[in-house]
Amino acid sequence: EAAGAKEKTILVVEMGHARTSVSVLRMLPSISEATTTTTTTDESKSSNENDGGDKVRVLSTISSPSLGANLIDIALYHHFLSNHPSLSHHTLQSLQSNSRPAQRLLEGCRKLKHLLSMLPENTVTVENIGKNESDVNLSCTRETMKELCREVVIDRLEGMIDSALVKAGVAGKDGIDAVEITGGGLRIPFVQETIRNAIGKGEDEDFAFSRSLDDTSLAFGASLVGIAASSNVNDADDAETMDADRHARRTELLENETAMSRR
């Protein structure tokens, strides 16, 4: 067996605006890596059979259509609406979610979330939402945002990762060789910290995430939307075929990304 040719178990975490998925993949070395001696004919045959590089098998996948980075915006929204002195004239009941003041406040919370992904503390100004349509400054720290999201984001994401590992049959948290992250929600420091803690790497400063899927995930997602729009799913058999096609495309994407990373 060639040096370095071994199976790898990869945790893939994706968090978008309103959806999160966690997958555990097993990357199998190609035949050309696993063997050291072949004839010229065998080498040619092996090359043709393994053009895609490593082969990937999906061990488990868990997704949530309600866990996403938007929950952080909502947590900040509720926090300021309940505690900010300049917003005391508003309540969750009196401020309609589709009103202009509510939308301005939510957009301000979204901007603050983005800023706190880069800086430990920050302030944004939201126009015309205070008393007598005055401007309101919203200030927050990373630690406060983290505590506001502990139950609605952190605990739920940890639970998803634990369930995915159990479903995949991964023996212990040391069984993960690499972590691939993608999606805007994974740019938030406490979300990355949650993943580290969930796989027992919280104190490992040398452990780094991979973002090799970031550049292609948008185009891949668009292709799935195109498939869904062009497919006429009439019954359970059609739906099952469609899901199988999506899994095949995800596998193909990861194989291509692996091959590209080696160039």
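**Figure 1. N132 in the loop between β4 and β5.** The place of N132 in this predicted model is in the loop between β4 and β5. The phi angle of N132 is near 60°, a positive value in a residue other than glycine. With a relative accessibility of 80%, N132 counts as exposed.

**Figure 2. N128 in the loop between β4 and β5.** Strand β4 covers residues 121–126 and strand β5 covers residues 136–141, and N128 is placed in the loop between them. Although N128 is not a glycine, its phi is positive, at about 60°. The relative accessibility of N128 is 33%, and the residue therefore counts as partly exposed.

**Figure 3. T194 in helix α7.** Helix α7 comprises residues 189–198, and T194 lies within this helix. The side chain of T194 reaches the backbone oxygen of F190 at 2.8 Å. When residues up to four places away in sequence are not counted, T194 touches I154, L157 and E158. T194 counts as buried because its relative accessibility is 2%, which is under the 20% limit for a buried residue.

**Figure 4. The cysteines C140 and C149, neither of which is in a disulfide.** A search of the whole structure finds zero disulfides. For C140, the nearest cysteine sulfur is that of C149, 8.8 Å away. A disulfide requires two cysteine sulfur atoms within 2.5 Å, so C140 is in no disulfide. For C149, likewise, the nearest cysteine sulfur is that of C140, at 8.8 Å, and C149 is in no disulfide. C140 is buried, with a relative accessible area of 6%. C149 is also buried, with a relative accessible area of 0%.

Terms used:
Residues are numbered from 1 along each chain as its sequence is written. This is a predicted model: local features need pLDDT of at least 70, side-chain atom pairs count only at pLDDT 80 or more; totals for chains, interfaces and linings use all residues. Side-chain values use heavy atoms; hydrogens and water are left out. Buried means under 20% relative accessible area, exposed over 50%, partly exposed in between (1.4 Å probe, protein chains only). Helices (H or I, at least four residues) and strands (E, at least two) are DSSP runs, numbered from the N terminus. A polar contact is a pair of N or O atoms within 3.5 Å; within protein, one must be able to donate a hydrogen and the other to accept it, and residues adjacent in sequence count only if both atoms are side-chain atoms. Contact means heavy atoms within 4.5 Å.
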